[in-house]
Amino acid sequence: MSKLISKDRAIFMALFFLCGSVILCAGLMVWFLMMIGAATISPVAANIITGLFLVFASSVTLFSVIFAYTALTGKDLNMVKGLRRVATRLTLPFMLRVAKTAGMDRDRLVRAFVNINNDMVRGIIKRRQVRKLLILLPHCIQLYGCDLKLTKDISRCTGCGGCDVKDLVNIADRYNISINIATGGTVARKIVKDTRPDLILAVACERDLLSGIQDTYPLPVLGFCNERPNGECTSTRIDTRLIEEEIKSIYNFKEAI
């Protein structure tokens with residue numbers, strides 16, 4: 001294992017296996033109840049039900065093993081695309097419901113999932129050429145009280161240095177990459193539709209990152225959770241070095257095309 005497992009990821013995986021066990025136990029209970037009735041009808045019906053349960057149990061186990069391998073090692077088994085679909089559409093929503101019932105921190109679980117998603121996306125882009133990259137930012141990253149309207153044209157930033165927009169615009173210019181600010185999900189979807197990128201580098205809070213990853217599937221998204229030293233949706237920050245290092249990694253330390 002090439003890296004230490006963070007505490008957030010360890011908690012996420014513990015909940016993941018707990019949910020998987022609950023699903024298997026529920027399936028086993030359904031199988032048992034159906035077998036009681038099927039046994040009185042026909043041995044063939046009982047065999048079919050048993051076969052269906054074995055397929056279900058095998059699928060859940062296989063998915064769990066592949067997902068755990070990716071989550072714990074940051075590597076993939078060339079099955080990432082389908083894995084992301086199941087994880088994003090089915091597994092995570094179920095886990096978040098269980099977490100809410102148990103009183104667990106939702107943002108902490110989402111952060112762990114975003115990091116796992118990033119590992120899966122990095123596995124995808126290793127096998128394809130990224131021709132068009134989009135950096136998508138939340139409107140709250142702009143300095144609160146700034147008079148400039150950057151949501152329609154981020155190039156209007158004067159570079160005062162009061163927020164991270166200046167550095168992010170410079171990074172986008174340096175690597176010839178599209179960069180936009182979105183005021184919400186509807187605007188973000190329109191930007192993606194108009195830009196048609198191969199890959200998105202998205203900065204947002206945990207809630208918006210999760211909905212963005214779900215809304216844009218199967219388009220790969222690398223997510224970066226923002227920092228909120230001034231509270232929710234007010235002059236949020238991001239370590240711009242992480243963004244630039246990710247871009248360098250995507251293009252193998254060469255200038256973007």
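Predicted model: local features only at pLDDT ≥ 70, side-chain atom pairs only at ≥ 80, totals over all residues.
Q: Where does Val-192 lie, and is Val-192 buried or exposed?
A: Helices are DSSP runs of H or I with at least four residues, strands are runs of E with at least two, and both are numbered from the N terminus. Buried means under 20% relative accessible area, exposed over 50%, and partly exposed in between, with a 1.4 Å probe and protein chains only. Val-192 lies in helix α6, residues 185-195. Its relative accessible area is 13%, so Val-192 is buried.

Q: Which residues is Val-192 in contact with, neighbours within four places in sequence left aside?
A: Contact means heavy atoms within 4.5 Å. On that basis Val-192 is in contact with Leu-134, Leu-136, Pro-197, Ile-200 and Leu-219.

Q: Which salt bridge does Lys-190 form?
A: Side chains of opposite charge can pair when their charged atoms come close. A salt bridge is a side-chain nitrogen of Lys or Arg within 4 Å of a carboxyl oxygen of Asp or Glu. By this rule the count is 13 salt bridges. Lys-190 pairs with Asp-194, and their closest N and O atoms are 2.8 Å apart. The two residues are 4 apart in helix α6, so about one helical turn separates them. Lys-190 is exposed because its relative accessible area is 53%, and Asp-194 counts as exposed at 53%.

Q: Which parts of the chain does the pair Arg-174 and Glu-244 link?
A: The side chains of Arg-174 and Glu-244 meet in a salt bridge at 2.7 Å, N to O. This pair links distant parts of the chain, with Arg-174 in helix α5 (residues 165-174) and Glu-244 in helix α8, 70 residues apart. Arg-174 counts as partly exposed at 42% relative accessibility, whereas Glu-244 is buried at 17%.

Q: How many residues apart are Lys-248 and Glu-245 in helix α8?
A: They are 3 residues apart in helix α8, and therefore about one helical turn separates Lys-248 from Glu-245. Their side chains meet in a salt bridge at 3.9 Å, N to O. Lys-248 is partly exposed at 24% relative accessibility, and Glu-245 is partly exposed at 45%. Elsewhere, salt bridges that share partners join Arg-9, Asp-119, Arg-122 and Glu-246 into one network.

Q: What is the phi of Arg-196, and what is the phi of Cys-233?
A: Most residues other than glycine have a negative phi, and most peptide bonds are trans. Arg-196 has a positive phi near 50° and is not a glycine. Arg-196 lies in the loop between α6 and β3 (199-204) and is exposed, with a relative accessible area of 65%. Cys-233, also not a glycine, has a positive phi of about 60°. Its place is in the loop between β4 and α8 (240-250), and Cys-233 is partly exposed at 46%.

Q: Which residues does the cis peptide bond join, and where does Pro-218 lie?
A: A cis peptide bond joins Tyr-217 and Pro-218, with omega about 10°. Pro-218 lies in the loop between α7 (206-216) and β4 (221-225).

Q: What lies 2.7 Å from a polar atom of the Gln-142 side chain?
A: The backbone oxygen of Leu-148 lies at that distance of 2.7 Å. Gln-142 is in the loop between β1 (133-138) and α5, and counts as buried at 12% relative accessibility. Beyond residues up to four places away in sequence, Gln-142 touches Leu-148, Leu-150, Cys-163, Val-165 and Ser-235.

Notes
Residues numbered from 1 in each chain as written. Heavy atoms only, no water. Polar contact = N/O pair within 3.5 Å; in protein donor to acceptor, adjacent residues only side chain to side chain.
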